[in-house]
Each structure stands twice: as structure tokens, then as C-alpha cells.
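Here is a short note for a colleague who is opening this structure for the first time. Please keep the model on screen while reading.

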Amino acid sequence: MKKFWMYLGFILIITIILPTILVKTVNLVSREDEKEISKEKIKKDVLDEKFDGYIKVYDTRTQEAVKIPLEDYVKGVVASEMPAEFHEEALKAQAVASRTYAIYKMNKFKEGHPDHPQAPLCTGVHCQAFLSLGELESIHSKKWVDKYWPKIEKAVESTKGEVIYYNGEIIEPLYHSTSGGMTEDSKDVFANDLPYLKGVESPNEEDAPKFKSVATFSVDEFIEKIKSIYPNANITKENLPDKIKLVERTESGRIKKVMIDGQVVEGREIRELFNLNSTNFKIIYNPKVEMVDIETTGYGHGVGMSQWGANGMAKHGSDYREILKHYYTGVEIEQYKSE
Ligand SMILES: [Zn+2]
């Protein structure tokens, strides 16, 4: 009988006390979580309050970080990154892409970019090229500034504050000069596969000065360059056509991999080695004259908006929103609101 009461008592402890402990424990954990969440929120709010319309940029010439009003910064980028002769809708598309790029970097590298800890952005091509009005005047001319600066200002001011979102997030709007007919999927160039950086057709680029180009090398020079990074490659004038083979193309037709004397090499390594305009290339060997021609189509990494394609679309009647939505898949263009 004693055993029975003890047993009952035990059951009671389990059914009443234990759930209380459990509930308490659970409550304690969630309260801690709440605290963490509110701490995070406070931190975020404090950081967001810092966006006062100015952007911190590391000037690669003076090697100093400076604060510039975002919209002024965008004007200096549009003037440096796109020919000012371009259609105004192309300039507007460039303005929105450049503004989005700046805010994306500003939010990503709040404490400074690993390559320039002084600021999240720099004035060089490493980020986006930026020139001040004074610098533009000394590079071009006073006449150039008088003619084009109002056009650039208008493109930036008429899209003031507009940025590109995908699923509520600011995108990383990569852009390049000339795609050569089709843009590249981000997964074929960079490690990450971004849903808004898909390969799309890019017609009307024929006016681009670097749509097609040829780099010519003597066969000795060509072999020497290859051997400078692949010293074990057994390549001679005689066996050259057999030793370099195409392995894989990307969906857009660019060279992804080639085989050099049995060794697989990335297309972009060849691009770097021969300083080619793009990875869309053809190697042509002419043994009679002992020359190697490398023909390239397009200029740049090929991901995101093609600037010459944007100008082509604008000339054919597309506005800047249509241009951006064409090159960045599934995006929306909205006013920037700091989260
Ligand atoms: Zn930079």
C-alpha cells in the first residue's frame, strides 16, 4: 500500500511539476531569444539611421575616404562608366544600376570593403569608376562638360532614389560593356548562382566598338605565354593544333574550359593571360605565316546589363525600366527605403 502512494506521488510529480519546469525552461529560452532579437533590431536601427543621403567613398587618387551625397556620386559614376552620347533612357538605366550597386555595397560592407577598409566603395574600376566634375573637365574638356553634364544630371535626377529589388532585397546589379549577343549566367562566371543574373539575349549591339576584335600573336609569343603559366605543357609549333582543345562552353557560348596538353584550364584564365576582351573567343593558328589570331566577341564579363545592349534597346524605343527588367530577371524598380 505504501508503495502505491509512493507511486501515485511520483506520477503526480511527473504530471504536475515536470510540465511546469518544462514550460518555465521553454519560456526562459524564448525570452532570451526575444532579448537577442530586440538587441539586433536596435543595432540595425542605429546603423540605418546613419544613412543620411551621403555615401562614403575611398578616393583611389588621394587615398582618402570622402563623404559624397549619393545622388552626386551617381552622376560622377554615370559620366565615367557610360558614354555620354548614349540615349537618355540608357543613361537612366545606368543611373539606377549604379545607385543600386552603391547601396548594395554600402549595406554589405558597412565597416569597409576588405580591399579598402576605409570605405565600402572606391572610385576605381575595382568598384565603379567615379570622376568628379573637375576631373571630367580636365579629362574631356569644358565643351564636353557644357554639352553632356546637363544630360547626365537629368538622367540621375529623373530617377532620384530609385533602386532595383528582387524579392524585397536590393540586388547586386553587375553590368558590362558589350555582351556580344547574349549575356552570361552568373553561375558560369562567379561562384554564386543569383536568380536575377541569368543569361538573356542582347540584340542591337552591332554599333559597339568592341563587338568583335582580334588579338594577334606570333606563334613563339603565343607558346611562350602559355608556358609562362603551364611550364610543363609540351607545346611546339608543330603540335599546337592537337594540344589545345575545347572542353566546354557556357550556355551563352563563351569558353568555359579548354584543355592544354591534357590539363583543364578555365576560359577566364586564358582571357587574363592574353588580355582578351571576353571569354567568347576563337583561337586561329595559321602555320604558313606562323601567327595566332584570337578573335573575341563582346567586351567584359558578360554578366547583367550590357551597356551597348541598353543603348540599342533605348534606340529601339524601350524605356529605362524595360531595359533594367530585361537584363535583371524578375526584378522591381522602387524608391530606396533603408530596412
Ligand atoms: Zn573598390
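1. Overall make-up. This is a predicted model. The chain has 339 residues, and 34% of them are buried. It holds 11 helices and 14 strands. Take the contacts with a separation of 6 or more: 66% of them join residues 24 or more positions apart.

2. Helices α2 and α3. Start with α2, residues 70–81, and α3, residues 88–108. Their axes lie 9 Å apart, and the helices pack at an angle of about 125°. Oblique is the word for this pair, because angles from 65 to 115 degrees count as roughly perpendicular and only those over 145 as roughly antiparallel. The crossing of α2 past α3 is right-handed.

3. The α2–α3 contact. Which residues of α2 meet α3? They are Leu70, Tyr73, Val74, Val77, Val78 and Glu81. On the α3 side stand Leu91, Gln94, Ala95, Ser98, Arg99 and Ala102. By type, this contact has eight nonpolar, two polar and two charged residues.

4. Helices α3 and α5. α3 also packs on α5: the two axes come within 8 Å and cross at roughly 55°. That angle makes α3 oblique to α5. This crossing, too, is right-handed.

5. The α3–α5 contact. α3 brings Glu88, Leu91, Lys92 and Ala95. α5 brings Lys151, Ile152, Ala155 and Val156. Five of these residues are nonpolar, three are charged and none is polar. Look at Leu91 and Ala95 on screen: they take part in the contact with α2 and in the contact with α5.

6. The largest nonpolar core. In soluble globular proteins, nonpolar side chains tend to be buried together. Here the largest nonpolar core has 49 residues. Which of them touch the most other members? Val57, Val78, Ala93, Ile323 and Leu324 do.

7. Several elements supply at least two residues each: β1 (54–59), α2, α3, β3 (121–122), α5 (142–157), β4 (162–166), α10 (307–315) and α11 (320–327). α3 gives the largest share, with 10 residues.

8. Leave aside residues up to four places away in sequence. Leucine 324 then touches Ala93, Val96, Ala97, Ile164, Val331 and Ile333.

9. Asparagine 167. Check the backbone here. Asparagine 167 is not a glycine, yet its phi is positive, at about 55°. It sits in the loop between β4 and β5 (169–170). Is asparagine 167 buried or exposed? Asparagine 167 counts as exposed, because it has 10 C-beta neighbours inside 10 Å, and the cut-off for exposed is 12 or fewer.

10. Asparagine 204. Here is another residue other than glycine with a positive phi, near 65°. Asparagine 204 lies in the loop between α6 (186–189) and β7 (212–218). With 18 other C-beta atoms within 10 Å, asparagine 204 is partly exposed. A buried residue would need 20 or more.

Terms used. Residues numbered from 1 in each chain as written. Predicted model: local features only at pLDDT ≥ 70, side-chain atom pairs only at ≥ 80, totals over all residues. Axes fitted to C-alpha atoms, helices over the stretch in contact; angles between N-to-C directions. Helix = DSSP H or I, 4+ residues; strand = E, 2+ residues; numbered from the N terminus. Parallel < 35°, antiparallel > 145°, perpendicular 65-115°, else oblique. Left-handed = near helix turned anticlockwise from the far one by under 90°. Contact = placed C-beta atoms within 7 Å. Nonpolar A, V, L, I, M, F, W, Y, C, P; charged D, E, K, R; others polar. Core = buried A, V, L, I, M, F, W, Y, C linked by C-beta atoms within 7 Å.
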